[in-house]
Amino acid sequence: MEQRTPSPTRRGTLAAPDTVPRPKHVSGSEFRSGDLGKGRTAVLQDLQHIPVVSFEYFKEAILPELPNINIAAIRNSLIESSLWSEADGWAHFHPQQSEDFVPKQNPRPEPSKDSRPEEDIFEGLLRIFDGVIKAARQVAPQLLPTLDLVVKPSKSPSSRRNNSSRPDAYLLMNQRKSTPVDPTGGQDSWDDIAVSFEFKKGSSDADHIDNQQKILWNLHNVMREDPCRRSTFGVTIENTEVRLWFTCRAAMDVDDLTYLFCSLAFANDVELGWDPTIRRVVVDNEIQYDITFDGKDGPPSVYRTVKILADFGADALKGRGTRVFKAYDIQRSPPTEGDYVVIKDSWRDHDRLREDQIIEKVFEDIAKCNPDDPGAVIEAKKYFLTVLRAEDIMIDDKIDNTLRLFHDIDMPPDCPRHKVSPEKEPSLRLHVSSTGHVPLVPLQEEILACQNIPTVKVGDIYHKIHFRVVFAELGEPIFNLETLGDVLETLEHALKGLQLMHGAGWVHRDISAGNVLRCGRQGKIVDLEYAKALNSSGENHDVRTGTPHFMACEVEAQEYLFFQPERTYNLGRPVVADRPPFRFNTLHDLESWWWILTWVLHYFVDGVSQILPPDHDTTYQKCFPGLTLAPGTTRVHVLLTMVRKEPLPTPFHSTAEWVEDMRAALVECYRAAEKSSVVGIDTKGKKRGGGCDT
């Protein structure tokens, strides 16, 4: 059966202390359709706004540090070689002017007045680049350029994701980063492109928007396709206007152009955004990666990947950029089955703990809550992945973070924000989607807008730290399991893990079908990045990705839906208590677990008869309605409705009765907990105000 994407729903107007979940368009079905136009639209819809800074800030904080070069001396060299003059500008941009060109009205040549095709006009940029580099080497002969400018607007660089976009030009590493897996006939590779360019000889709004859409897709393609990249650059030109672009995991006169070309052309690969701790290799004609751990928290070692398990987290231009690999320590080559591990590569918010640190704190709190039971932590570890090693990435003896990519200079707080313009029309060209179980999310921006999501200031940048964690176990998500018994046993183990977390005063906050794995005969809970101690405090972060199929109704609505305020009287008049600010609690984790059970019943079919009852698909759509769910509503009516076994295959009926018992108990717990105007959780995993055990 096809999985359908549920719709986001109404959000409460109260400020929420917790991080608010928000789905991303790049996780939606239209992005995954492979249509290039729809893909660009999804990327731009997620960005919404981007900060605009001055060229002076861009030089100081973003461009690679310029080698010891005298820009004025280079300018004089350009004048002496007749490449540039004060009166006429760049010699190679002298155009074939159109008939209405009047010299006195146009003291400097402009591409918009040139009758030649754009490709011919901007080919002059190649000679300008070569002239600037030649002049720079005359001033500083010890410098060697690392980049070459290539102008091939009609050819697409090679891409493993079938990305058919064609940048008008690009700066290409002359020491290639790509690996020759298959003959490409001399075709350049996106793996070697440090800076992409888009040109327009006009300067209309349509020209600006078209360049913007294309350059952002170029940046997105580099960041999602190449695990070796930390950041990348772009340049757009409309007539005589030049705009510089930069992305990481967080979002001109002659001297300026000379500075730009020199700072890029003489930069090393790290300054241009490559990660020196991960290297592309070819194994059995397949591209793999060697990932180096520096030994700060253990002996130095190199792991070689054999498969990408998931990389959909790298699809968004801003965010965690998570990739998950199956790998082995090359010291154990050739590996046996027991040598394989899982490596998670991601970028966390700078003020959050690393996932292994969160897991360790959960275990510490479990031990504190069970002082008389020395085996409590040993029991708990059965339900979570085993961390073999973890570290923040170090580059040149410094932690790799997005602020460092800004030369440790924060963005000006008052810089304006530029609204990006998504494409409206689909394309006939295709791109290849990502790997792994993608959270099912809605797409329509108008539905997101009606949610009234409390969020941070548009365009704010929250810096992130690059880290990796090595886990011992390779597991299968429950949607890959073949028997209902295995699924239910795995979920039973996950429930035990949740009970231990809750008893220690923690909530997971992202329980989903993709975050419950079966490792051998043991079920385990994974992805604790958003786990939080119930008594913790801190400022709200930017909205995070949720998994709406499995999201608790109150989390969808960002308010208590079973709240029954106490009625008091003041001078004979009734006074109703205000709703308390919403916070995530243990019941929300349990409801997510219940939604997984419900999804299992309606997603899987009986492997023997494979005959579906008449109402099966209709019932699935009611439980997981996708975009058919009206804006401003939640699925709470499903939670309040008895689970019917008639629409399910006969072998599932006994399980459906159990799921119904769980639903009824969950609703009773909600109502009991929210009788009071004070809703909370104590450290024993009970809700205050009536409460019930988890």
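Is W595 buried or exposed, and what is its relative accessible area? In this predicted model, W595 is buried, with a relative accessible area of 0%; buried here means under 20% relative accessible area, exposed over 50%, and partly exposed in between, using a 1.4 Å probe and protein chains only. W594 is buried as well, at 1%. The two rings have their centres 4.9 Å apart and their planes at 70 degrees, so W594 and W595 make an edge-to-face pair. Rings of Phe, Tyr and Trp (its six-membered ring) pair if their centres lie within 6.5 Å, with planes under 30 degrees apart called stacked, over 60 edge-to-face and the rest tilted.

A quick word on ground rules. Since the model is predicted, local features need pLDDT of at least 70 and side-chain atom pairs count only at pLDDT 80 or more, while totals for chains, interfaces and linings use all residues. Residues are numbered from 1 along each chain as its sequence is written, and side-chain values use heavy atoms, with hydrogens and water left out.

On the whole-protein level, 55% of the 694 residues count as buried. The exposed surface comes to about 30,000 Å², and carbon and sulfur atoms supply 50% of it (Shrake-Rupley areas with a 1.4 Å probe; for residues, only the protein chains shown count as cover). There are 18 helices and 27 strands, taken as DSSP runs numbered from the N terminus (helices are H or I with at least four residues, strands E with at least two).

Back to the rings: the ring rule gives 19 aromatic pairs. One of them joins F293 and Y303, whose ring centres are 5.4 Å apart and whose planes meet at 75 degrees, so this pair is edge-to-face. F293 belongs to strand β10 (residues 286–293) and Y303 to strand β11 (residues 301–310), ten residues apart. Both residues are buried. Elsewhere, ring pairs tie F550, W599, Y603 and F604 into a cluster.

The charged end of R229 sits over the ring of W274, 3.7 Å from its centre, and that of K59 sits over the ring of Y259 at 4.7 Å. The test asks for NZ of Lys or CZ of Arg within 6 Å of the ring centre and within 35 degrees of the ring normal.

R229 also turns up around G273, which touches C228, R229, R230 and S231, not counting residues up to four places away in sequence (contact means heavy atoms within 4.5 Å). G273 is found in the loop between α8 (254–265) and β9 (278–283), and it counts as buried at 0% relative accessibility. G273 and L405 are 132 residues apart in sequence, yet 8.3 Å apart in space, C-alpha to C-alpha.

As for sheets, one open, mixed sheet has five strands in the order β4-β5-β6-β7-β8, where strands pair if DSSP finds at least two bridges between them. Its edge strands are β4 (147–150) and β8 (241–247), each pairing on one side only. Four bridges join β4 to β5 (residues 169–173) in antiparallel fashion, and L149 stands opposite L171 in β5.

A hairpin is formed by β21 and β22, with two residues between the strands, and G520 in it takes a positive phi near 70 degrees. Strands β21 (residues 516–519) and β22 pair antiparallel over four bridges, with I525 in β22 as the bridge partner of V516. From β22 (residues 522–525), Q522 and K524 point one way and G523 and I525 the other, all of them buried.
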